[in-house]
Amino acid sequence: MQRAWKIAGMCLLWALVVGFVVLYSSRSRQHRSLATVQAVNVEIIDSLPDESLMSRKLVEQWIKQSDVETIGTPIDKVDLVGIERAIRSNGFVDRASAHVTYDGVLHIEVSQRKPLLRLVCGDYDCYVTDEGYLFPSPGRAAVYVPVVSGSYAPPVPRDYVGRMEDYILARVEESNARILELQHEKKPLFDREKEIRDSVKKVRAMKVDKKGYIRYKGWFESDEDYNKRIIAKRLEKNELYRRYRYWRKVNDKNIAAVTARQDIERDKQKKLMKRYEDFLKLINFVNYIENDSFWGAEIVQIVASTMSSGDLELELIPRTGGHTVEFGQVGDEAQIEAKLEKLLTFYQNGLTKLGWDKFSTISVRYEGQVVCTKR
């Protein structure tokens, strides 16, 4: 009996809990359908507390331009996904999340990307993160990061927004698709080549029937007639050989033309990957500079140039002295460290004695030596 009362009590308790949840959920849905958004609270959360590419006012402007209703809109009708999409459409926004609280406040949290460098080359004016993400300079604000100028141009369109790797992979995939499509064009040409080879084999197998009785003439073939047949067969075979050689030459030329188009695509891929590798080297170089307390403060500008050979070379503009540093090609971290260590040694043992304004250029491009040009 006591056990039955316990079971009944537990059932009653669970019934009350379920009833409360159902009632609360119903009241909550009713409240969200009747209550409206009373205020919008924008919070910018990022790793650049002293500098910002955006402001609360700017985020509110993006929402307004997106035509998503906020103030006065029922809570359950607010297009939170549309708000987040409108904010994230700006390249320098890393993440955006929106939610409406029970009291009708629309909370929006936005974080911005952290630029590593600013690329100001030709028509390009964009920021680049250490992950290789590019986005145009917003114009309204700026972040103090190393500036890369010069004739260098990254392998993406001027208005591209996104990760460089994604763009490169997409172009390589398109190029591979074109190469495969061209390979399909070769299929009928390869079939034609096989037909020609088989035809040549058949010509080689052609023989003159032995000398013998000719029924329609009613006598045995003479030596003269037999020799005529041999000569005629040779002429026929020579004509066929000539024809098939011509067909093979034309077919080989068509195959070579398609192969040349494939080689052009492969060459484009190589050049694109080379430019991408140079872009990564540039990012690695700036990363190295920024992580070094001395060089991060000493180097104020980087001039990047693409040489006629296609190689990327750098020229550094230091804060101290009136010279420029010809850094040359950018290699791996060990090569970067070796060149900068060589330059620092020259600073300490050379310029401190000779004077900081004695040279117009200092070159560390060559291994094991520093080459200077006097003013």
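I began with Q262: leaving aside neighbours within four places in sequence, I find it in contact (heavy atoms within 4.5 Å) with I179, L182, Q183 and K186. Q262 sits in helix α5. Helices here are DSSP runs of H or I with at least four residues, strands are runs of E with at least two, and both are numbered from the N terminus. Buried or exposed? I looked up Q262 and found it buried, at a relative accessible area of 1%. Buried means under 20% relative accessible area, exposed over 50%, partly exposed in between, with a 1.4 Å probe and protein chains only.

Note on the source: this is a predicted model, where local features need pLDDT of at least 70 and side-chain atom pairs count only at pLDDT 80 or more, while totals for chains, interfaces and linings use all residues. Residues are numbered from 1 along each chain as its sequence is written, and side-chain values use heavy atoms, with hydrogens and water left out.

Next, the sheet. I traced an open sheet of three strands in the order β1-β3-β2, with mixed pairing. β1 (39-44) and β2 (93-100) are at the edges with a single partner strand each, so one side of each has no neighbour in the sheet. The twist averages 15 degrees from one strand to the next. Strands count as paired if DSSP finds at least two bridges between them. I noted seven bridges between β2 and β3 (residues 105-112), which run antiparallel. A96 stands opposite V110 in β3.

Then the helices on that sheet. Helix α2 (residues 56-65) lies across β1, β2 and β3, at about 125 degrees to β1. Helix α3 (residues 80-88) also packs on the sheet and touches β2 and β3; its direction makes about 160 degrees with that of β2. Axes are lines fitted to C-alpha atoms, for helices over the stretch in contact, with angles from 0 to 180 degrees between N-to-C directions.

Last, helix α7 (residues 333-354). Its 22 residues reach 30 Å from first C-alpha to last, close to the expected 32 Å, which is 1.5 Å times one less than the number of residues. Where does α7 bend? I found a bend of about 40 degrees at Y347, taken between axes fitted to the seven residues ending there and the seven starting there. The buried residues of α7 include I336, L340, F346 and Y347. The buried residues pack against α5 (223-290), β12 (312-318) and β13 (324-329), among others. Just after α7, G355 takes a positive phi of about 115 degrees.
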